[in-house]
Amino acid sequence: MRLAIQGGTPVRAKPFPGWPDYGQGEKDSLLQVLRSGSWGGYNKKVEEFEAAFAALHQVKHAISCANGTVALEVALRSLGLGCGDEVIVPAITFVATASAVLLCHGVPVFADIDPATLNLPPQAVEAAITPRTKAIVVVHFGGHPADMDRFPELARHHGLALVEDAAHAHGAVWRQTPVGNFGDAATFSFQAFKLVTSGEGGILLTNSDALAEKAWAYCNHGRRKLGGWFEHFSLGSNYRMTGFQAALLGEQLAKLPVQSRTRQANAARLRSLVSSFPGLRIAEPDPRATSHPQYLVTLRYDPEEFSGVGRDEFVAALVAEGVPAEPAYPHPLYRNPLFRREHLPPCGCGTWRSPQNYESLYLPESERLCRDGIWLPHYLLLGTARDVEDIVEACDKIQKLAPGLAACSGSGKSAKVR
Ligand SMILES: Cc1ncc(COP(=O)(O)O)c(C=O)c1O
């Protein structure tokens, strides 16, 4: 037996389910928009999708927009974030969580993650609060809701705004309440890999009438819903979603509940198989997370159990065996060049020159995840129990043949998966 990366036969000859997933429904719906002649953001499918997304999350208002990044920016602007206001964000997230703060001239303050859920722990956030703190952005990372018992209460107690970045967490539920109900606003992404996708797209949910009005106006050049096209009451931009995006999203959303159940069942199978596997770990979700849609499964890797084969080499071997996987972020967000003093954008009033010195930051759990974390994407979990067994079989094969891999490759080489 030889590893596929060394010319052997891969464990998986058959590909895993692909993503995005589409069928006749998406094609028909796109054609309806095409034939309607109303291709832009005022197509009725946009409003229909907003209503369906709000209903699924049991939230009063939904404002669709061009992507998840602008959804975050609009949420923060609508909450009044301004020059020098500090916003606590996790160090493990996509750049948009923090760059949206910078775009509003605010100051991202990074906090470390809980290694089990990869979410912000309330105590780390509380420790980061200063008199300049204005908001907390929690990310429901990988689909696992952040601690929604503690954060709303913490935000209220300190007079802070709370935003849920739910880019990974479509349909996630905490103690029977869908995400989107805990913060002042919640934002979602419909980017190509997301659980509900139109290639690009985003939405903001809120139960606040005032915030919904501001957010809608910001996405629509400062118009009012019942005002004229050339009447602008406040500063805004054009962040609208198109009819084509909404056509795809309506169909995608209808499939989410079934797909989510399949993913959760397969994720549970995978956790149970991995629980007795030396050198790999998957944390159990918090039992209060009553629905965790499994945008990502995070494996923690111990090279000691794989004859010293480095994490990136293991991932490359796994991909060669036919299992799409990738290493976790290469570094916590604060290590990106963007957060070097010379690269930070200038702010009109200059108050971003706060005590933040990102270059000296070292948040141990975030750093550890970047060294030993491996991500399996959600669409691997859309297949059968056999598919899940193949993932573990591929890991097992690599472990058995790891001494040979370690000997001939020299460990620690990096491989970018996608
Ligand atoms: C946690 C998180 N927040 C925000 C975004 C931004 O979404 P978009 O790519 O739609 O702008 C992403 C995108 O991947 C994300 O992962």
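Biologist: How many residues surround the ligand, and which are the closest?
Modeller: This is a predicted model, in which local features need pLDDT of at least 70 and side-chain atom pairs count only at pLDDT 80 or more, while totals for chains, interfaces and linings use all residues. Residues are numbered from 1 along each chain as its sequence is written. A residue is near a molecule if its C-beta atom, placed from the backbone, lies within 6 Å of it. The shell around the ligand holds 14 residues, and the closest are Gly-68, Thr-69, Phe-94, Ala-167 and Ser-189.

Biologist: Which elements give two or more residues to the shell around the ligand?
Modeller: Helices are DSSP runs of H or I with at least four residues, numbered from the N terminus. The elements that contribute two or more residues to this shell are α3 (68–78) and α4 (96–103).

Biologist: Is Glu-365 buried or partly exposed?
Modeller: Glu-365 is found in helix α10, which covers residues 364–372. A residue is buried if 20 or more other C-beta atoms, placed from the backbone, lie within 10 Å of its own, exposed if 12 or fewer do, and partly exposed in between. Because Glu-365 has 18 C-beta neighbours inside 10 Å, it counts as partly exposed.

Biologist: Leaving aside its neighbours within four places in sequence, with which residues is Glu-365 in contact?
Modeller: Two residues are in contact if their C-beta atoms, placed from the backbone, lie within 7 Å. Once neighbours within four places in sequence are set aside, the contacts of Glu-365 are Asp-112, Ile-113 and Pro-115.
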